[in-house]
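Have the viewer open as you read.

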Amino acid sequence: MKVDVLLGLQWGDEGKGKIVDVFTPKYDIIARFQGGPNAGHTLEFEGIKHVLHTIPSGIFRENVLNLVGNGVVIDPIIFKGELDKLAPFNIDFKKRLFISKKAHLILPTHKLIDAASEISKGKNKIGSTLKGIGPTYMDKTGRNGLRVGDIFSPNFKEKYQTLIDKHIGMLSHYEEFNYDLPALEKEWMAGIDVLKSLDAVDSEHFLNKALLAGKKILAEGAQGTMLDIDFGTYPFVTSSNTVTAGTCTGLGIAPNKIGNVIGIFKAYCTRVGSGPFPTELLDEVGESIRQEGREFGSTTGRPRRCGWVDLVQLKYAIMINGVTELSMMKADVLSIFDTIKICTHYEIDGEKISDFPYDVNDLDVKPIYIEMDGWKKDLTALGQYNDAPIELKNYVEYLEKELNVPISLVSVGPDRKQTLLK
Ligand code: GDP
Ligand code: IMO
Ligand code: MG
């Protein structure tokens, strides 16, 4: 058996949560491999909308196990909040949710450092979700971090205090940055008690044994390829590897055990936070996409920046991830337009470019577009792909031909049921 991977090909918020939930019945285990509560994955079914931050999006399906892998960073406060919110749904977390002992913990002071660092950057800020992601991964790679396994150790409090003291020292370098640590710590410790009540596992053994036993595993990505720490638009990125390779390090899965890679993209493109976005529309067209697509952050509520779909960027993401099939999301949102643009190349200094450039942050990148007829029809009640308007089929076929990967799913609304399989 191999591990399938589902991940975002743009700047996050592609609709990963919805599609993981749609695919979950085909799997035995859903595993998150990187990121943390900077993620906001939305699922809608039976008239209820759920937003998950740490918990994998397979949690609502019975008989499926969910794992928070070693590559994830966990904020016990947010984690407890997520479990509390799900209480009315009678999910047996003890049976269905497992946490890697090697996952790192976000301390209250990581969030404070994140905030202080962003303030100090002024107009160069990353636009972080301020969940402490960057500082926690810094402590992980700096070999100072606290892991879930540590909470069971007799000297946990000592380890915790050593790291807190280091952070207090760091915070003293930021002028006029005030905080109330005791209040945050109280909440944090309550979250640790909740974490302790779940099963902490050696997740690499857990998953590899499951594979040997013939179980089907889906790895759920967070963020998107263009936010990857190595291949994204650095420094305007997150602090983890969001790409397929992140599954290997974030779960302990060998590269030759990776199966299908499902890449998810919106029929247009969005980005939240700072950094380059070549096809961004700063006019009323961008505003129409934002309103029609309800493009406001699931985690922070911030308005998302909107633009046309970008094939230079998508081809790059498909190459880095080894994508084997595509899901195209939010096709219904484009129903408002007479014509739809697709960026096929960039023009930089008068030259036509087809490879995503290194210095995209500094260059004047002009997108080159082709224009296609829109479908101008409501798609949200469509039952099958065959019944889709011809203009939508043309759009899908054009993208498939250019990207050289089949689009096996087209999403036409936020609900689980508004999903067309091709
Ligand atoms: P994720 O982070 O990749 O899981 O995506 P988010 O949940 O942050 O953002 C996707 C948003 O689009 C959510 O509000 C979803 O409910 C919504 N959504 C997902 N698929 C569709 C779709 O096909 N059409 C529409 N209109 N909304 C969708
Ligand atoms: P999901 O999983 C969209 C963005 C932030 C910021 C940058 C760094 O829901 O797709 P961080 O908090 O990681 O230090 O922020 O990355 N970002 C996301 N944008 N979707 C996400 O997750 C994101 N997680 C982080 O806006 O620009
Ligand atoms: Mg999201």
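Which polar backbone atom is 3.4 Å from an oxygen atom of ligand 2? That one belongs to Ile 126. Keep in mind throughout that this is a predicted model.

## Around ligand 2

Let's stay with ligand 2 for a moment. Its shell holds 20 residues, and the closest are Asp 13, Lys 16, His 41, Thr 129 and Thr 238. Lys 16 reaches in with its side chain, where an N or O atom is 2.7 Å from an oxygen atom of the ligand. Gly 40 uses its backbone instead: one of its N or O atoms lies 2.9 Å from an oxygen atom of ligand 2. As for cover, the protein buries 97% of the 550 Å² that ligand 2 exposes when taken alone.

What sort of residues make up this shell?

## Around ligand 1

Ligand 1 also has 20 residues around it, with Lys 16, Thr 42, Ser 298, Asp 332 and Ser 411 as the closest. So what touches its polar atoms? On the backbone side, a polar atom of Lys 16 is 2.7 Å from an oxygen atom of ligand 1, and a backbone N or O atom of Glu 14 lies 3.1 Å from an oxygen atom of the ligand. Asp 332 works through its side chain, with a polar atom 2.7 Å from a nitrogen atom of ligand 1. The protein covers 93% of the 580 Å² of accessible area that this ligand has on its own.

Sorted by class, the shell around ligand 1 has four nonpolar, eight polar and eight charged residues. Two elements, α1 (16–23) and β3 (41–45), each give at least two residues to that shell.

## The pocket that holds ligand 1

Where does ligand 1 sit? You'll find the ligand in the second largest pocket. This pocket has a volume of about 740 Å³. It is lined by 33 residues, and the closest to its centre are Glu 44, Gly 293, Arg 294, Lys 330 and Pro 414.

The lining splits into seven nonpolar, twelve polar and 14 charged residues. Here too α1 and β3 each supply at least two residues, and β3 has the largest share of the lining, with four.

Now for two spots in the loop between β10 (217–220) and α9 (245–251). As background, most residues other than glycine have a negative phi, and most peptide bonds are trans.

Gln 223 isn't a glycine, but its phi is positive, at about 55°. You'll find Gln 223 in the loop between β10 and α9. Pro 235 is in that loop as well, and it is joined to Tyr 234 by a cis peptide bond with an omega of about 5°.

Key:
Residues are numbered from 1 along each chain as its sequence is written. Chains are lettered from A and ligands numbered from 1 in the order in which they are written. This is a predicted model: local features need pLDDT of at least 70, side-chain atom pairs count only at pLDDT 80 or more; totals for chains, interfaces and linings use all residues. Side-chain values use heavy atoms; hydrogens and water are left out. A residue is near a molecule or strand if one of its heavy atoms lies within 4 Å of it. A polar contact is a pair of N or O atoms within 3.5 Å; within protein, one must be able to donate a hydrogen and the other to accept it, and residues adjacent in sequence count only if both atoms are side-chain atoms. Accessible areas come from the Shrake-Rupley method with a 1.4 Å probe; for residues, only the protein chains shown count as cover. On a 1 Å grid over the protein atoms alone, a cavity is a set of points where a 1.4 Å probe fits but cannot get out, and a pocket is an open set with protein on both sides within 12 Å along at least five of seven lines; lining residues have an atom within 4 Å of a point. A molecule sits in a cavity or pocket if more than half of its atoms lie within 2 Å of its grid points. Ala, Val, Leu, Ile, Met, Phe, Trp, Tyr, Cys and Pro count as nonpolar, Asp, Glu, Lys and Arg as charged, and the others, Gly among them, as polar. Grid points are joined across faces, edges and corners, and a volume is the space filled by probe spheres set on the points.
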